[in-house]
Amino acid sequence: MKDFLRLLWLFKGSWRWVLAGVGLTALVILANVGLLALSGWFIASMALAGLGLLHLEYFMPAASIRGLAIIRTGGRYLERLITHEATFRFLAQLRVWFYEHLEPLAPARLQYYRGGDLLSRIRADIDSLDNVYLRVLVPTASAVISVLLMVLFLAWFSPHVALADFAGLLLAGVVVPLIALRLGRGPGAQAVALSGTFRADIADAIRGFGELLVYQALAPKLAALDRSSAALIATQRHAARINGVWSAATLLIAQLSLWVCVIIAIPLVGRGIDGPDFAMIGLFVLASFDAVSALPAAYNALGQTLAAARRIFEVIDTRPAVSEPSSEVLAPSQFDLRVDNLKMRYGETQAWALDDISFAIPEGSCLGVVGQTGAGKTSLLNVLLRFWDFQEGNVRIGGVSLRDLHGETVRGLCAVVAQQTHLFNTSIRENLLLARPDATEEELCAALRDADIFDEVMAMPAGLDTVVGEVGTFLSGGQARRIAMARAFLKNAPLLILDEPTEGLDAVSERAVLDTIGRLTRGRTTLLITHRPQALRLADAVLVLEKGKARVRDK
Amino acid sequence: MALHSAPIPRATAKALDTWLRSRAKAVRLPLTAAIGIGACGGLLLIVQAWLLAHVVDSVVIDHLGLSSAWPFLWGMLAVFVARAVVSLFADAVAFEAAAGVKQTLRGELTRKISALGPGFVAGQRTGDLTNLLLESVDELGKYYAEYLPQMPLAAFIPAAILVFVFPTDWVSGIIMLISAPLIPFFMILIGKGTERLNQRQWRKLAWMSAHFFDVIEGLTTLKLFNASRAEGEIIGRISDDYRRSTMDVLRVAFLSSLVLEFFATVSIAMVAVYIGFRLYYGDMHFLPGFMVLLLAPEFFKPLRAMGTQYHARMEAIGASERIVALLETKLPERPAGQNELSSSARLDIRFQDVGFAYRADELVLRGIDFGLARGERVALVGPSGSGKSTIARLLLGFDVPDEGAITVDGTDLRDIGPENWVARIAWMPQAPTLFHGSIGDNIRLGQPGADEQAVRRAASAANAAAFIERLPQGYDTIVGDRGQGLSGGEIRRVALARAFLKNADLVILDEPTASLDPETAALIADAVERLARDRAMLIIAHRLESITEVDRILVLNEGRIVESGSHAALLAQNGLYAETSALYHEMLS
């Protein structure tokens with residue numbers, strides 16, 4: 001419930017659109033019911049008038065029927081426009097809101113959610129929140145409004161009929177779908193899980209096709225896939241059965257309500273209601289069930305949406321890993337790096353990721369860092385870039401303590417080339433301008449030349465404006481690495497951090513990248529993380545990290 | 001959301017529709033049953049309208065009480081129950097039609113993919129094939145569960161209603177008859193234009209989402225350049241632009257539904273008003289008039305649902321395009337060889353002037369000439385893209401030389417039965433696959449019957465036993481999806497254990513130590529050393545340090561062997577190898 005209210009709060013910027021959409025939807029529902037009911041009343045009255053049993057002024061009702069038809073048609077058009085407008089407004093707000101809350105958390109807190117699925121989870125969750133207005137809010141709110149109005153209207157003729165209709169609407173709109181939802185949850189979740197396994201099985205079989213062939217395990221694998229498919233279809237069948245029972249039950253409830261209302265109303269004819277009223281009530285009850293027909297889908301979506309909202313709030317509610325100083329001291333003017341007795345861990349119960357580390361890099365020199373996976377290299381970077389806070393010791397740049405500086409100031413002093421460099425899915429130019437938005441064409445070209453990739457970029461179809469495919473698919477690993485270095489040249493920061501800059505490159509590319517690094521480190525205070533001996537040649541001293549502890553080895 | 005389908009040309013769509021229909025033959029029984037049951041439902045609807053009209057007529061016109069209405073009311077109750085049962089059965093039967101098609105089709109597709117072989121699979125994206133087998137096939141389901149049974153009903157139910165309406169009131173019948181075809185007509189007319197606009201908007205939405213997630217993925221990078229905060233505004237601006245342009249499109253697109261609503265609603269209103277006046281002038285009785293009014297909305301309901309069915313059909317056609325393409329892909333023309341290698345064979349492998357092209361006229365390998373025999377180790381080195389992995393694929397029989405031949409003990413590899421050949425090989429690709437299941441079963445991949453002891457022996461030979469036994473579940477640890485939970489070095493050691501257990505004559509290893517830290521690389525190198533004993537081994541490397549011990553090194557460049565010999569001999573040659581090696585040593589010193 002709290003999640004739901006908080007979700008509604010996100011609509012605060014566009015509540016006028018939200019209300020207008022709900023109101024119009026209810027209006028269309030009511031116009032539809034009114035059209036049928038009035039038609040029933042009209043022809044019954046006309047029949048009685050034709051028999052001379054009733055005097056009728058037929059102009060008004062006939063015009064009203066046409067009027068309701070137009071309201072229903074035009075209202076439906078407006079309703080669709082307005083609800084979509086509201087949806088898109090919400091979508092824009094939601095994304096900005098999410099981004100602005102996520103930004104202070106990156107990357108430290110987000111690492112908890114790693115394992116590849118953070119992004120796909122966020123993607124699916126945001127997508128399902130996109131639809132919360134159209135799929136959940138509008139059908140629910142408009143159903144509540146129109147049901148109340150319809151029941152009040154019926155109560156004016158007969159409270160008993162109104163009560164019977166209300167009970168039917170409650171059963172068909174709330175009770176039965178909720179039961180169906182509960183019953184369907186098991187097979188639904190099972191179907192999702194099974195299709196996940198099936199997908200993974202297929203992916204395995206395709207990725208490992210050669211191995212299956214060589215190890216002669218293809219036939220059993222195909223038989224296993226057949227079984228997975230059959231199991232998936234079986235759960236889909238189960239879910240479809242429940243769905244079928246539910247829709248049959250809803251149909252039956254609507255008709256039974258009509259039946260009960262007719263039985264209640266017949267004795268009332270002549271005592272409070274007349275013949276045309278009776279005809280009207282019958283059609284009214286029958287049509288009233290349209291108002292709740294969209295509810296089951298809304299409940300279904302609500303479950304997904306709330307789960308998605310909970311996960312999104314969970315990410316958002318995380319506290320940033322580093323608190324910024326309230327006032328900032330003057331940025332350093334010298335750029336030697338000193339780390340004294342640094343201790344850092346990710347949680348109070350966890351082991352020290354960095355345990356009493358001390359080292360110093362004089363301005364303009366290069367310290368190589370080696371160590372196995374998990375030795376603390378990434379933790380050291382997290383501390384230096386102010387992505388994570390540390391518990392003990394001190395880190396100083398040019399004598400200024402890291403904690404007295406804003407994270408942005410610290411990162412402004414550092415240029416980073418990482419093993420996993422993210423190139424954005426736009427032009428090479430845009431990717432470079434990230435480092436210095438006001439850079440001129442000449443400066444861009446100079447940076448590319450420094451990174452030894454100018455000729456290759458110019459040979460590409462659109463030169464600087466070539467669009468980098470997603471995750472840098474257009475470029476080879478070595479090229480992407482050198483574009484990232486061009487970015488570092490362009491940023492021209494006094495501190496340089498290189499994280500496994502040559503990993504995964506072949507000999508020729510590695511050589512080219514190392515040459516570039518040689519130029520890049522000149523005059524900059526550099527921390528070079530690598531386990532390639534070839535790269536360590538560039539270091540003036542080497543720090544060996546082992547399980548969070550360090551020893552310095554001079555060359 | 002019709003994201004995937006660039007509009008399919010009419011003729012193609014028609015051909016695909018024919019194909020979809022042809023698949024329905026296998027499920028004719030449930031399909032016919034679904035249509036029959038649905039038709040019964042339609043008739044029950046008419047009976048229900050008649051019964052209700054009767055009740056209302058007796059109360060309103062004849063002023064009769066509840067007692068005389070009871071027979072009709074009981075009749076209504078029976079019809080209600082019957083309709084509920086019909087709806088239940090119609091859904092269930094239609095599901096079976098779809099299920100039958102889906103299951104057979106998946107079986108056919110997986111068999112086709114395996115018949116097409118590794119050469120085909122290598123050229124496909126994993127995600128594409130999984131989507132094809134899972135989602136595309138599921139999307140076809142709607143064609144059999146919804147479109148095929150509902151389309152005849154969309155014609156039958158309105159027709160049945162007209163049969164009742166015409167004799168009672170022909171003018172109402174005419175109103176319905178005229179407006180009925182206008183609905184699908186306008187639906188198609190307006191739908192065609194807006195479909196394209198719609199697709200453009202969806203593509204835009206997809207692009208916008210891609211941008212959003214690209215930014216989130218690169219958040220760390222943005223932060224490093226202090227550019228992350230400005231991005232929030234950009235996201236807002238892009239989303240707002242999208243809203244504006246989409247609403248421009250939707251204003252027009254929703255007109256189509258306006259027209260549809262208009263015809264259905266206004267027809268009902270016209271029928272009501274017209275019947276009212278006929279009753280007023282005493283031209284007709286109340287009962288048939290009221291019944292026509294009850295049936296009028298039911299007349300338009302299936303017609304309005306046609307939009308959904310049409311969409312289901314278009315989706316199925318879109319999904320079937322790639323399914324049909326895959327099923328119609330020609331199998332490689334080469335007839336599989338039949339010869340058997342004797343198990344005591346010497347295993348003398350010779351590449352004789354071998355050339356290979358993935359695409360016609362673009363040779364990636366040419367003039368490859370070398371030999372490999374039991375007890376020998378040959379390494380392939382060279383820059384990426386020089387053709388090392390292609391040589392391994394040719395030796396595995398995954399691809400066939402376009403020039404020259406590979407012979408084994410004098411027999412052309414093409415003439416040897418593929419099953420017979422791969423039975424002799426153990427192979428570890430660059431990124432070995434662990435299949436969903438236990439580590440033990442993964443090691444047992446090639447020998448499903450191997451006992452626990454054999455598995456342990458293989459694991460310890462591969463230097464994997466220690467880490468496996470440290471896992472809480474040991475050999476029963478379930479690994480999934482890309483060997484989740486295991487590191488790259490551990491996955492490779494499990495794959496090596498697989499190779500040890502198979503005890504093959506020929507071992508092919510693709511970059512066994514790439515991207516590993518020195519300690520893990522040493523563990524693997526040690527296991528590889530053991531694996532090589534008494535076998536023929538082909539090993540691919542792009543780092544030179546790891547392969548100085550082998551018998552022969554082939555240096556590849558741009559698809560040719562440019563140098564070959566032992567480490568020492570190659571150094572003496574002063575060629576590419578010596579140069580690259582010197583480069584390393586210079587860097588190392």
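## Close-ups of a predicted two-chain model

View 1. Is A:A217 buried or exposed? It counts as buried, because 20 C-beta neighbours lie inside 10 Å, and 20 is the number needed for that label. Leaving aside residues up to four places away in sequence, A:A217 touches A:L212, and it also touches B:L445 and B:G446 from chain B. For a sense of scale, pick out A:R411 as well: A:A217 and A:R411 are 194 residues apart in sequence, and their C-alpha atoms are 52 Å apart in space.

**View 2. Four strands of chain A make an open, antiparallel sheet.** Going across this sheet, the strand order is 2-1-4-5. Strand 2 (354–361) and strand 5 (400–401) of chain A are the edge strands; each has a single partner strand, so one side of each is left without a neighbour in the sheet. Strands of a sheet pair through backbone hydrogen bonds, in either a parallel or an antiparallel sense. Here, strand 1 (residues 337–344) and strand 4 (residues 392–397) of chain A pair in the antiparallel sense over five bridges. To find your way into that pairing, look for A:V339, whose bridge partner in strand 4 of chain A is A:V395.

**View 3. Chains A and B meet.** How many residues does the contact take from chain B and from chain A? Chain B puts in 117 residues and chain A puts in 109. On the side of chain B that touches chain A, helix 7 (residues 228–280) of chain B gives the most, with 30 residues. Sorted by class, that side of chain B has 67 nonpolar, 30 polar and 20 charged residues.

**View 4. Chain B, taken as a whole.** Chain B has 17 helices and twelve strands. Its C-alpha trace spans about 115 × 60 × 55 Å along the principal axes. The radius of gyration of chain B is 36 Å, whereas a compact globule of 589 residues would be near 25 Å. Of those 589 residues, 42% count as buried. Among contacts in chain B between residues at least 6 apart in sequence, 77% join residues at least 24 apart.

**View 5. B:R23 in helix 1 of chain B.** Helix 1 covers residues 10–23 of chain B, and B:R23 lies in it. B:R23 counts as partly exposed because it has 17 C-beta neighbours inside 10 Å. B:R244 is 221 residues from B:R23 along the chain, with 44 Å separating their C-alpha atoms.

View 6. Strand 4 (residues 403–408) of chain B runs antiparallel to strand 5 of chain B, and two bridges join them. Which residue stands opposite B:T407 in strand 5 of chain B? That's B:D412.

Technical notes. Residues numbered from 1 in each chain as written. Chains lettered and ligands numbered in written order. Predicted model: local features only at pLDDT ≥ 70, side-chain atom pairs only at ≥ 80, totals over all residues. Buried ≥ 20, exposed ≤ 12 C-beta atoms within 10 Å, placed from the backbone. Contact = placed C-beta atoms within 7 Å. Pairing = 2+ DSSP bridges. Nonpolar A, V, L, I, M, F, W, Y, C, P; charged D, E, K, R; others polar. Rg over C-alpha atoms; globule rule 2.2 N^0.38 Å.
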